[in-house]
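Trainee: Could you take me closely through the aromatic rings and the nonpolar interior of this model?

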Amino acid sequence: MSAVTLTPRALYEDVAELLRQRIFRRELEPGSWIDELKIAEELGISRTPLREALKVLAAEGLVTMKVRRGAYVTEMSEKDLRDVYHLLSLLESDAAAVVAAQGSDADLQSLQALHEELEAAAGERDRFFAINERFHMRLLELADNRWRSQMVTDLRKVMKLNRHHSLLKQGRIVDSLAEHRRLMQALHARDAQATRLAMQEHFRQGLEAAT
């Protein structure tokens with residue numbers, strides 16, 4: 001049997017992840033021009049892997065390529081934001097209903113454990129939202145539809161372009177926790193319709209905070 005050579009992760013993927021995190025941290029602001037030459041020099045790389053990385057981010061919607069002007073961090077209009085929240089509400093409420101109807105006791109316990117972590121992180125904004133994302137992704141994992149999970153993953157990347165606006169709204173974390181409690185109650189009651197409605201309300205309130 002011939003030896004198999006595994007290809008290491010491509011450089012452009014590492015560069016894409018680095019830029020992705022800079023965008024999420026607002027080190028690269030929405031609407032700002034991405035200085036390819038400066039970033040390439042900073043990272044000690046040629047512009048080829050950088051341009052490949054920008055293509056990846058453009059496909060994810062995080063970067064907008066403009067003819068003869070280069071790459072810009074995507075700016076979210078209010079319509080963009082409403083469209084993203086609308087789709088997330090449809091996809092994640094459907095996933096939540098599936099888990100309510102079909103999830104095992106162990107599945108619900110794993111969500112309960114994340115919910116308790118969320119409660120404990122109420123005073124730490126960044127930690128709260130990191131755990132919140134883990135909760136939502138765990139629910140999608142339990143619903144077991146890889147196509148839905150991929151769509152939500154991509155939409156959530158775009159949603160992060162506006163995340164800090166929703167974080168800053170007074171009382172949003174308290175409200176979000178209350179919405180999560182209602183969601184958990186519906187899940188534990190195995191009430192698929194109530195769970196669907198609770199998740200839809202969670203996204204409706206999230207959109208209101210973000211706009």
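Mentor: What follows goes from the aromatic pairs to the nonpolar cores. The model is predicted, so that local features need pLDDT of at least 70 and side-chain atom pairs count only at pLDDT 80 or more, while totals for chains, interfaces and linings use all residues. Residues are numbered from 1 along each chain as its sequence is written, and side-chain values use heavy atoms, with hydrogens and water left out.

The structure contains two aromatic pairs, where pairing asks that ring centres of Phe, Tyr or Trp (its six-membered ring) lie within 6.5 Å, with planes under 30 degrees apart counted as stacked, over 60 as edge-to-face and the rest as tilted. Y85 and F203 make an edge-to-face pair, at 6.2 Å centre to centre and with 75° between the planes; Y85 belongs to helix α4 (residues 78-102) and F203 to helix α10 (residues 192-210), 118 residues apart, so that distant parts of the chain are linked. Helices here are DSSP runs (H or I, at least four residues), numbered from the N terminus. Both Y85 and F203 are buried, meaning under 20% relative accessible area with a 1.4 Å probe, protein chains only. The ring centres of F128 and F129 are 5.3 Å apart with planes at 65°, so this pair is edge-to-face, and both residues are buried.

A nonpolar core is a set of buried Ala, Val, Leu, Ile, Met, Phe, Trp, Tyr and Cys residues joined through side-chain atoms within 4.5 Å. The largest one has 49 residues, and L187 is among those with the most contacts inside it; its largest share, nine residues, comes from α4. A second, separate core of seven residues includes F129.

Terms used. Helix = DSSP H or I, 4+ residues; strand = E, 2+ residues; numbered from the N terminus. Buried < 20%, exposed > 50% of the residue type's maximum accessible area, 1.4 Å probe, protein only.
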